Amino acid sequence: MMDSALVYVLLLLGVAIGWTLGYRFARQAKKASSPDWIPSVEFLLAEANDASLERLLNVPNLDDDSIDLFLKLGRTLREKGEADRAVHLHQALFARTGLPRSTQMLLELELAIDYSYAGLLDRAERLFLRLLDARGRIQEQASLYLTELYEEEGEWQKILKLQRDKRLAVTVELAQRISHAACELAELAAKQGNFLETQQLCRQALKTDSRCARAYVVLGNLAHSQNEPREAIRCYLKAVEVDSEVIVVVLEPLRDCFVAVGDVQGLLLHLESQWRASQYVPALAARVECLAEKDGIEKAITSLLSELAEQPSNQGFFALVELVVSHKRQLDKSQLLVLYDILRRIVENEPKFVCKSCGFKAKEFHWRCPSCKGWSTVTPFVPQLPGPKLDL
Ligand SMILES: [Zn+2]
């Protein structure tokens, strides 16, 4: 039974290969327009057992199209979690003589990626390092993959050393990675009390990527820890100027530093502009808290309500409740009406239905899911919240 099944598969494969090669020779003269003379990757994967792979690999002549097919097949195998078969495929191809140097390097790159997928990191590293001496796309790819590999291992020093030795092809993406490697080391240095080194590493990060907001954050934290709130404020503000999103990490220290220098007005102004730029609700909440201290709770509540009417959000609603409760206040009737309207708009915006098959969320009921096209899969959306916190 087993034997006959095997014979059948091999026969089928033989026919496919024979057809492929025959068709290929017939079309070689007028090639180029469509490459569909080679079987698809899907076909190869469906039929690919080790024996069929061997037969394919033993095809006498490899042209650019068949190399291309093998490369696709290798990548697909790797992504399916079959890195060892991808390694076998790329090694067998690499061992063939007569391949142009550019093809050999492409295969070497694929092999190195296979190794890193398979967890053979030393081998991957060696190959990537060798490929850094190539030029163009191969060098770019090797630089990126090698950097990723070092990131996984936390080998930040190695990344910086490669950059110092000018071995990396620095693209915009890679520049960002290198400057983060410098920031990782800067944070370590700061933790160990090496302030000079921290500053040097941050400068290096900014030299590689002038838009590295994190370097300004690290410098700000350094100044903050050394009781230099004015310098810290300068760095934090520079960080949010470069990237308004980093307000999430600088909000609290920024507030502390402004308070330390006694500049409430400046704090209010900056929180206001951060809220406008990033719509980060904690910035709004901090601004309102600050306003409550400066101008009184009534003014703070009024201001928060009008912001929430413009930009309703659950988090903002929560901030309002917190403000009211912590200051032991009650809302009057007109304030409650505004609040009612804000809540109504939040709820209206929530999904009311969810597809139990694909998770698609909808505001209206559908018999047929617009996303996965399943019938009768859309059900009422029930938010899964954690149970009540128990005070024991
Ligand atoms: Zn669906």
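Of the 392 residues of the protein chain, 30% count as buried, where a residue is buried if 20 or more other C-beta atoms lie within 10 Å of its own, exposed if 12 or fewer, and partly exposed in between, with C-beta atoms placed from the backbone. The model is predicted: local features need pLDDT of at least 70 and side-chain atom pairs count only at pLDDT 80 or more, whereas totals for chains, interfaces and linings use all residues. Residues are numbered from 1 along each chain as its sequence is written.

The protein chain has 19 helices and three strands; helices (H or I, at least four residues) and strands (E, at least two) are DSSP runs, numbered from the N terminus. Among contacts between residues at least 6 apart in sequence, 48% join residues at least 24 apart. Two residues are in contact if their C-beta atoms, placed from the backbone, lie within 7 Å.

Helix α5 (residues 83–94) packs with helix α6 (residues 101–117) at an angle of about 160°, and their axes are 9 Å apart. Axes are lines fitted to C-alpha atoms, for helices over the stretch in contact, and angles run from 0 to 180 degrees between N-to-C directions. At this angle α5 is roughly antiparallel to α6; angles under 35 degrees count as roughly parallel, over 145 as roughly antiparallel, 65 to 115 as roughly perpendicular and the rest as oblique. On the α5 side the contact involves Ala-83, Ala-86, Val-87, His-90, Gln-91, Leu-93 and Phe-94, and on the α6 side Gln-104, Leu-107, Glu-108, Glu-110, Leu-111, Asp-114 and Tyr-117. By class, the residues of the α5 contact with α6 comprise eight nonpolar, three polar and three charged. In this classification Ala, Val, Leu, Ile, Met, Phe, Trp, Tyr, Cys and Pro count as nonpolar, Asp, Glu, Lys and Arg as charged, and the others, Gly among them, as polar.

Helix α12 (residues 213–225) and helix α14 (residues 247–260) pack at an angle of about 35°, with an axis separation of 11 Å. This pair also has its handedness assigned: α12 passes α14 in a left-handed crossing. Val-217, Gly-220, Asn-221 and His-224 of α12 meet Val-249, Val-250, Pro-253 and Cys-257 of α14. Five of the residues in the contact of α12 with α14 are nonpolar, three are polar and none is charged.

Helix α14 packs with helix α15 (residues 264–278) as well, at an angle of about 170° and with axes 10 Å apart. The two helices, α14 and α15, are therefore roughly antiparallel. Ile-247, Arg-255 and Phe-258 of α14 make this contact with Gly-266, Leu-267, Gln-274 and Ser-278 of α15. The contact of α14 with α15 has three nonpolar, three polar and one charged residues.

The three strands of the open sheet follow the order β2-β1-β3, with antiparallel pairing. Strands β2 (361–362) and β3 (378–380) stand at the edges, each with a single partner strand, so one side of each has no neighbour in the sheet. Strand β1 (residues 353–355) is joined to β2 by two bridges, and these strands run antiparallel; strands pair if DSSP finds at least two bridges between them. Phe-353 has Ala-362 in β2 as its bridge partner.

Individual residues were also examined. Glu-184 lies in helix α10 (residues 172–191) and is buried, with 20 other C-beta atoms within 10 Å. Glu-184 and Cys-202, 18 residues apart in sequence, are separated by 9.6 Å, C-alpha to C-alpha.

Asn-227, in the loop between α12 and α13 (229–242), has a positive phi near 60° and is a residue other than glycine. Asn-227 counts as exposed because it has 10 C-beta neighbours inside 10 Å. Ser-376 is found in the loop between β2 and β3; although not a glycine, Ser-376 has a positive phi of about 55°. Ser-376 is exposed, with 11 other C-beta atoms within 10 Å. The C-alpha to C-alpha distance between Ser-376 and Ser-357 is 9.7 Å, and these residues are 19 apart in sequence.

Methods: Left-handed = near helix turned anticlockwise from the far one by under 90°.
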